[in-house]
Number of protein chains: 2
Amino acid sequence: MREIGVVEDASVFIEDGFIRWIGPAGDVSTNLTDDATIFDASAYVALPGFVDAHTHMVFAGSREDEFAKRAEGISYQQIAAEGGGILSTVRATRAASKKELKKAAVRRLDQMLKHGTTTVEIKSGYGLNEETEIKMLEAIRELSDEHLMTIAPTFLGAHAIPPEYAERREGYIELICDRMLPYIARRKLARFCDVFCEEGYFTVSEARLILEKAMSLGLEPKLHADEFTAIGGTPLAATLNATSVDHLEHITSEGIEVLMNSDTVPVLLPGVSFFLKNPYAPARRLIDAGLPVAIATDFNPGSCMSFSMPLMMTIACTQMRMTPEEAITATTLNAAAALGLSSKVGSIEIGKEADIILYDVPNYRFLAYHFGINHVAHVIKHGVMLEFP
Amino acid sequence: MREIGVVEDASVFIEDGFIRWIGPAGDVSTNLTDDATIFDASAYVALPGFVDAHTHMVFAGSREDEFAKRAEGISYQQIAAEGGGILSTVRATRAASKKELKKAAVRRLDQMLKHGTTTVEIKSGYGLNEETEIKMLEAIRELSDEHLMTIAPTFLGAHAIPPEYAERREGYIELICDRMLPYIARRKLARFCDVFCEEGYFTVSEARLILEKAMSLGLEPKLHADEFTAIGGTPLAATLNATSVDHLEHITSEGIEVLMNSDTVPVLLPGVSFFLKNPYAPARRLIDAGLPVAIATDFNPGSCMSFSMPLMMTIACTQMRMTPEEAITATTLNAAAALGLSSKVGSIEIGKEADIILYDVPNYRFLAYHFGINHVAHVIKHGVMLEFP
């Protein structure tokens, strides 16, 4: 993760949205097509676009009131127990039309692009009923078709037990397995299926039931695990060889051990620990064990109201003792692996999508070091240099 | 600090750079002069420009290498002991011309304005010899004359013992008292004199000597105290009735007590605790004791490479449990008091400078809540709406 392959004075030749050639700046002219245009990026640092592998960025409403309450010492879990938290966003998202959800999401996607993110995973999970979960996934599908951003869709019906099923949770799990998942699989509305495996949310056996059903229908498994307590989500993720297991603030030594024997990518969410003032995931232990750690924002209105990948890098470096190089790998190539997209995005390599960000910084370390400012000078998405209004 | 006086649907009448009238939007027309132009800001939230009451933003070089080292577990104090830290910036700043210092600073001041800061304190202290301390203060004076930003200049010759005086520190203190301070006072190059009162830097009696000399020459005292250890800086600041005492990560109960009997404003620097992963100042205890807490960035290349006041608010709310309202007061009105400027800036009040920021947010809580993005839509500085390229 520390070998990020810096090339000084390089040129990149892009054709039809893909990277065709990379080499010394002096050699570029012999490798161009006749009609190529040349952009002089010598004033900038070029990095692959960020891959934000864990977000809930389609939502209605906002939760700044909870943010203020936490300052007065009320915990995220207390707020959830009082009907706030996820269920507060569920109420707002159920009440919103698909059009409204998309409008708010487009604004966020535009801003994310401006801040250097070119691929984003988006989860459903603020519906918790058939109608709204499908509405969210349809919104994500349409955003994927209509917006420049590369989007990986995830079904997270198992984000919380909806109030209607509080007394009969197995009924909700049946609804997910017998109705939602087959419908979503048939319409290919999601690539991944995710479960919030946590005390007060879904047990390990419930998560296994849902994910195995999803896998039988062709969806790939992901898991929220070990955020507040280690109830066994990480071993389950490893057993299923999940594409990723996310959060891991309370991962155990056993959890690290099982991940080492799987292809599952651990996705850490430092912005959540920062925002909620909770413990950070033991990034150093995971990396030192040789695991391909990824970092994502978890952008959502309750536990991390930020989509800034560079700021997540700063938090990772300062609070979790990751090096700037590790933070870059974690937000690009490893993050692409957490979405099964590492052959397509996440690095500046021949054959990959030409998703390249040009930063107005003296060197790449400034991205994490000089924080609280957007250093992006130009965004190249699928080979096209974007113009922002 | 929680009563921030939100006014819905208000209008502000500005003339000659100052606020002349504030009232209900409907009444504005009867209070305008004939040639007034009207700007419809109804889509925005208006707040007073931020006052950043503690920065070291004139400097040469950068210290991203130390940032990377700290990720590997090397402490700020270890780095300083090995010749890095402040002395690394001293070497670069001594080597830079005044023109170079100003050029880098102008770029930073421009960015600070774009991010909502309209008043900034700037310290010398990267010279540690007569020539460079004066060069820095002259640069600050010229920036103050030439740039739109309102600037409060502070002499911090006592930032560290320079290497040349390592074996005879009293010689450096004499240089400050007998040569630098009289010269600076005569040319009015600084309003404030500050001392880094800390183990390994300046003792309480050295700080007292320097500050009493400065006060006798008409400069107002400030103090860096209790950052790593409580050696008595805060009681000294209170005794001298310093304009502010800054840092306070390790303030004692006695320190809080003496501040309550002084006019000294406690300035907290949450970005430093975040950046260095050090303990945070006990903001709650200070505020609950009734003290007028201010928050500043401490923008500098070693311990907080950020000038983002909203991000400091987010850190203050999430890590120090300040409410969003307290964070606003701390970054505006109380920060103005920390510079002796509370009659001129820090709030939207009749007679004050028309330094007003318009934010593209649903409500003021979003500034701290939705972090990692610049929400500024328009900057009004001294009554003029700025155009940014």
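Q: How is the relative accessibility of B:Arg169 to be read: does this residue count as buried or partly exposed?
A: Under 20% relative accessible area is buried, over 50% exposed, and in between partly exposed (1.4 Å probe, protein chains only). B:Arg169, at 28%, therefore counts as partly exposed. This is a predicted model, in which local features need pLDDT of at least 70 and side-chain atom pairs pLDDT 80 or more, whereas totals for chains, interfaces and linings use all residues. Residues are numbered from 1 along each chain as its sequence is written, chains are lettered from A and ligands numbered from 1 in the order written, and side-chain values use heavy atoms, without hydrogens and water.

Q: With which residue does B:Arg169 meet in a salt bridge?
A: A salt bridge places a side-chain nitrogen of Lys or Arg within 4 Å of a carboxyl oxygen of Asp or Glu. The partner of B:Arg169 is B:Glu206, at 2.8 Å from N to O. B:Glu206 lies in helix α7 of chain B and B:Arg169 in helix α6 of chain B, so the pair ties together parts that are 37 residues apart in sequence. B:Glu206 counts as buried, at 13% relative accessibility. Helices (H or I, at least four residues) and strands (E, at least two) are DSSP runs, numbered from the N terminus.

Q: What is the order of the strands in the open sheet of chain B?
A: Strands pair if DSSP finds at least two bridges between them. The eight strands follow the order β4-β5-β6-β7-β8-β9-β10-β11, with parallel pairing. Strands β4 (50-52) and β11 (294-295) of chain B each have a single partner strand, so one side of each is left without a neighbour in the sheet. Three bridges join β6 to β7 of chain B, and B:Phe155 stands opposite B:Cys193 in β7(B).
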